[in-house]
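Subject: Handover of a structure and its analysis

Dear colleague,

Please find below the structure that I am passing on to you. The findings follow directly after it.

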Amino acid sequence: ALCGMPHKAERDLRPWKTVQKISGRLQSSTATRHRLTIRGYISTAIKHGLDAMTVLRNAILGTPWMPPIPMII
């Protein structure tokens, strides 16, 4: 992060970690990593204007959405 400010993606995941600490449900690092990966995937899809439930359903059915590859200039 530049100038000590967290990136948007980091801010998106912060509430999940807070809930986890408050609830006392600290799980394995693997389970946490999977949960945060799914949350990041959903967050990215929403930022691209897609519906979260549709994206999840399509991923489960074997047709996952992929973000567009950024153009390098």
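In which helix is the place of Arg39? Arg39 belongs to helix H2. Its relative accessibility is 24%, and Arg39 therefore counts as partly exposed. Between Arg39 and Ala52 the C-alpha to C-alpha distance is 9.9 Å, while the two residues are 13 apart in sequence.

Please note that this is a predicted model. The mean pLDDT of the chain is 80, and 63% of its residues reach 70 or more. Among the elements of the chain, helix H1 (residues 8–23) has the lowest mean pLDDT, at 65, whereas H3 has the highest, at 95.

Overall architecture

The chain has three helices and zero strands. Read from the N terminus, the order of the elements is α-α-α. The chain comprises 73 residues, of which 12% count as buried. Of the contacts in the chain with a separation of 6 or more, 19% are accounted for by residues 24 or more positions apart.

Helix H2

Helix H2 covers residues 29–47. H2 has 19 residues and spans 26 Å from its first C-alpha to its last, which is close to the 27 Å expected at 1.5 Å a residue. The buried residues in H2 are Thr32, Ile42, Ser43 and Ala45. Seen down the axis of H2, these buried residues fall within an arc of 165°, so they line one face of the helix. On the face of H2 turned away from its buried side are the exposed residues Ser29 and Thr37. Just after H2 comes Gly49, with a positive phi of about 85°.

The aromatic pair

How many aromatic pairs does the count come to? The count comes to one aromatic pair. It is formed by Tyr41 and Trp65, whose ring centres are 6.2 Å apart; their planes stand at 55°, so the pair is tilted. A pair counts as edge-to-face only when the planes are over 60 degrees apart, and as stacked when they are under 30. Tyr41 lies in helix H2 and Trp65 in the segment after helix H3 (52–60), so the pair ties together parts that are 24 residues apart in sequence.

Is Trp65 buried or exposed? Trp65 has a relative accessible area of 19% and is buried, because the cut-off for buried is under 20%.

The segment after H3

Pro68 is also found in the segment after H3. With a relative accessibility of 54%, Pro68 counts as exposed, since exposed means over 50%. Pro68 and His48 are 20 residues apart in sequence, and their C-alpha atoms are 9.4 Å apart in space.

With kind regards

Notes
Residues are numbered from 1 along each chain as its sequence is written. This is a predicted model: local features need pLDDT of at least 70, side-chain atom pairs count only at pLDDT 80 or more; totals for chains, interfaces and linings use all residues. Side-chain values use heavy atoms; hydrogens and water are left out. Rings of Phe, Tyr and Trp (its six-membered ring) pair if their centres lie within 6.5 Å; planes under 30 degrees apart count as stacked, over 60 as edge-to-face and the rest as tilted. Helices (H or I, at least four residues) and strands (E, at least two) are DSSP runs, numbered from the N terminus. Buried means under 20% relative accessible area, exposed over 50%, partly exposed in between (1.4 Å probe, protein chains only). Contact means heavy atoms within 4.5 Å. The expected span of a helix is 1.5 Å times one less than its number of residues. The arc is that of the directions from the helix axis to the C-beta atoms. pLDDT is the predictor's confidence in each residue, from 0 to 100.
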